[in-house]
Amino acid sequence: MRGRVGALLDAFLPVLVKEMRGRMRGARAFGILTVALLGFSSFSALVYAILVNTSTWDPRTASSAYIGQSLFRSLMLFETFTLLLIVPGLAAGAISQEHESRTYEMLVATPLPAAGIVLGKMGATLSYVLLLLIATVPFTSLFFVFGGITISDVVTVLALLMAIAATFAAITMFFSALLKRTVRAVVLSYVLVAAWIGLPFFGFIAHGILRNDVPPRFWLVPSPLSAVSSAFSVLSPESFFTAIGQGVAPGAVTMRPTWHFTLLLYAFLALPAVIGAAHFVRPAGRRRALRRELAALALGWGLLFVVALVTFRPEDWRGLFVARQPQPVQHLEIREAPVEVAPPPTPVPERTDD
Amino acid sequence: MSVAIRTRQLTKRFGKLVAVSDLDLTIPTGSIFGFIGPNGAGKTTTLRMLAGLLDPTEGEIELAGESITRNPDAARWLVGYMPDFFGVYEDMKVWEYLDFFARCYRLSPQRRRRVVNELLELVDLAHKRDDFVEHLSRGMRQRLCLAHVLVHDPPILLLDEPASGLDPRARVEMRELLKELGKLKKTIVISSHILSELAELCDTVGIIEKGRLVAAGTVEEVAALARGGRVVRVRLLDASTTRPAALQLLKPYQGVVEVFEDSEGDVVEFVFDGDDVALAALLRHLVTHNVPVISFSSEHTDLEDLFLRLTKGEVQ
Ligand SMILES: Nc1ncnc2c1ncn2[C@@H]1O[C@H](COP(=O)(O)OP(=O)(O)OP(=O)(O)O)[C@@H](O)[C@H]1O
Ligand SMILES: [Mg+2]
């Protein structure tokens with residue numbers, strides 16, 4: 001077992017270095033970075049301009065914290081979108097390009113284990129994503145001027161964005177290894193991303209319309225956008241659109257933030273994606289490792305299951321499925337309550353988790 | 001003499017198509033083996049199985065005494081494999097390309113640096129060290145690829161048509177390079193359908209057609225086999241009168257496969273299937289029956305000719 005893990009690490013580094021020197025190097029990578037940063041800054045400027053314009057009639061803008069949070073939230077959601085666009089673009093060629101440029105055979109003729117190749121390539125994609133995220137930190141720190149966000153908000157969201165990027169990178173790489181053609185892998189990944197963003201909201205809204213009630217938030221667990229906006233505190237959680245963004249049904253007792261469930265779900269999905277990618281990286285005649293792969297998958301899922309059992313309580317799960325409850329939202333930490341919209345503090349037994 | 005590569009009843013089927021059929025190869029350590037066959041004969045399939053990239057449908061492969069069928073990962077360390085069609089990582093520098101493969105084989109940083117420089121020197125690319133691979137010519141890429149199979153100093157090299165697509169000059173250079181490698185006591189398998197190159201280079205050759213090994217051995221042995229024996233040239237004194245008698249003696253003689261009636265001048269040519277003792281007996285037979293023999297020689301055939309006969313001209 002140790003030997004296998006060691007071999008994975010031995011493979012990780014060479015492939016990572018190779019990808020950094022090859023695919024990730026050069027004008028294109030920095031072009032993407034520049035465009036993304038330009039996009040982020042102009043987007044933030046736009047949001048700020050809108051906030052300033054609405055200040056004449058929206059009383060909430062009187063709160064500096066509200067401005068800080070709005071800027072932060074909109075930028076983070078925009079960044080999530082950007083990541084969902086960039087990550088498939090970066091990861092779709094990971095394996096298929098080896099086939100297309102006819103370097104595949106020589107790569108798999110080396111002693112690198114297939115899983116190591118996959119993880120190394122994923123590492124390269126994620127380091128690029130990390131670079132991108134770190135480059136946005138300066139903007140984010142500008143928002144601190146307005147208040148309303150904390151360092152821990154920023155760190156949590158960035159970590160969550162990395163996890164989202166990792167999941168989508170893993171799935172895209174699975175397509176790349178399976179389809180062996182970059183274009184097909186890109187197309188399939190974007191179709192998936194679109195469905196992934198659209199379906200949870202569609203389900204959420206449809207459920208609400210059909211039941212004529214506030215829908216339960218389990219619909220929103222898969223959505224990366226909901227996960228991100230549930231990862232930091234906001235001042236006005238009661239609007240329906242906030243609920244959509246945030247994955248919090250207004251009025252529901254939601255103890256556990258949505259993104260905890262999202263992370264768990266993504267971990268469950270990313271694992272078979274990585275193992276499946278490794279399976280298809282192995283040369284066609286040499287895929288007898290299937291049983292070992294299934295065992296690894298079972299082991300990984302088992303571990304995740306145990307983690308889920310230990311860290312999530314039954315009421316956490318119930319919180320996913322309840323629609324409307326009479327109690328007001330409790331888990332939201334109100335840092336600077338504007339006068340009109342502050343929810344009345346009710347003496348519901350406080351639960352602090354995580 | 002130890003054996004580097006041994007296969008037993010090696011067979012690969014793709015659905016109904018039998019790409020390689022009951023291949024028995026024995027290649028001694030340190031020899032250069034030419035693997036010859038027309039397009040689609042199964043050369044690449046065989047080499048990929050030897051490199052551990054493709055599972056045989058049936059049969060056994062042993063590399064340096066290690067069963068690859070049971071332990072496919074062993075092939076990774078024993079073999080350097082150069083595919084017939086390959087690409088190179090265009091967006092890397094030449095030294096980085098080799099450095100990557102050296103890392104794959106877990107060479108220490110110092111060793112890596114040394115090996116990369118030595119190999120660049122060996123394949124004459126030292127002056128291109130810091131260039132991007134995309135700027136290399138075809139021949140340079142081929143040499144770079146050859147260098148990459150050497151990073152882990154494998155005892156066995158499997159080179160699938162290493163000279164394809166090269167101009168004559170680059171071919172000669174590639175051949176010199178391979179000779180150089182042969183001197184390093186490596187076991188080398190080279191596949192090709194360009195025979196003139198292999199005849200000079202190889203210690204032994206194997207001829208494969210439609211997945212079957214039709215002949216194997218030294219170039220001379222295979223040549224004899226190819227003709228169903230060897231071609232013997234006999235010069236006769238006063239041929240115009242003695243020739244019919246000679247033909248009459250030869251035709252029914254055991255081991256004579258074919259007599260060329262249309263041989264010119266004072267020469268009679270025939271194909272003889274038998275060893276030197278039998279050949280000496282044949283000469284005695286002619287002489288004792290008063291055929292005036294001036295000279296008597298068995299000639300070597302060239303491999304190209306042989307190949308065309310073996311494959312019934314199926315090569316384009
Ligand atoms: N992956 C595969 N799937 C199906 N058939 C295959 C596959 N690989 C090879 N073949 C078939 O096996 C036969 C042998 O092919 P192979 O590539 O080994 O020939 P070759 O001797 O290398 O020919 P060439 O000189 O053209 O390179 C061919 O008929 C080919 O179509
Ligand atoms: Mg071939």
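# Asking what the labels mean

Me: Of the 354 residues of chain A, 53% count as buried. What makes a residue count as buried?

Reply: Buried means a relative accessible area under 20%, exposed means over 50%, and partly exposed is in between (1.4 Å probe, protein chains only). Please keep in mind that this is a predicted model, in which local features need pLDDT of at least 70 and side-chain atom pairs count only at pLDDT 80 or more, while totals for chains, interfaces and linings use all residues. Residues are numbered from 1 along each chain as its sequence is written, chains are lettered from A and ligands numbered from 1 in the order in which they are written, and side-chain values use heavy atoms, with hydrogens and water left out.

Me: Why is B:Trp95 called partly exposed?

Reply: Its relative accessible area is 21%.

Me: Where does B:Trp95 lie, and what is it in contact with?

Reply: B:Trp95 is in helix H3 (residues 94-104) of chain B; helices (H or I, at least four residues) and strands (E, at least two) are DSSP runs, numbered from the N terminus. Contact means heavy atoms within 4.5 Å. Leaving aside neighbours within four places in sequence, B:Trp95 is in contact with A:Arg21, B:Val116, B:Leu120, B:Arg129 and B:Asp130.

Me: How do you know that E1(B) and E2(B) pair?

Reply: Two strands pair if DSSP finds at least two bridges between them. Strand E1 (residues 3-14) and strand E2 (residues 17-28) of chain B are joined by eight bridges, so they pair, and they run antiparallel. B:Phe14 stands opposite B:Leu17 in E2(B). The two strands form a hairpin with two residues between them, and B:Gly15 in the turn has a positive phi of about 60°.

Me: What makes E2 and E5 of chain B edge strands?

Reply: The open sheet has four strands in the order E2-E1-E4-E5 (chain B), with antiparallel pairing. E2 and strand E5 (66-67) each have a single partner strand, so one side of each is left without a neighbour in the sheet. Helix H1 (residues 43-50) of chain B packs on the sheet, touching E1, E2 and E4 of chain B, and its direction makes about 120° with that of E1(B). For that angle, axes are lines fitted to C-alpha atoms (for helices over the stretch in contact), and angles run from 0 to 180 degrees between N-to-C directions.

Me: Why is strand E8 of chain B called mostly covered?

Reply: Six of the six residues of E8 (residues 187-192) are buried. In a regular strand the side chains alternate between the two faces of the sheet. In E8(B), B:Thr187, B:Val189 and B:Ser191 are buried on one side, and B:Ile188, B:Ile190 and B:Ser192 on the other.

Me: Which strands pair with E8(B)?

Reply: Strand E3 (residues 32-36) of chain B pairs with E8(B) in the parallel sense over five bridges. Strand E7 (residues 156-160) of chain B also pairs with E8(B) in the parallel sense over five bridges. The chain crosses from E7(B) through helix H6 (residues 168-183) of chain B to E8(B) in a right-handed β-α-β crossover. Right-handed means that, with the strands pointing away from the viewer, the path from the first strand over the helix to the second runs clockwise.

Me: What makes phi of B:Gln9 worth a look?

Reply: Most residues other than glycine have a negative phi. Phi of B:Gln9 is near 45°, a positive value in a residue other than glycine. B:Gln9 lies in strand E1 of chain B and, at a relative accessible area of 46%, is partly exposed.
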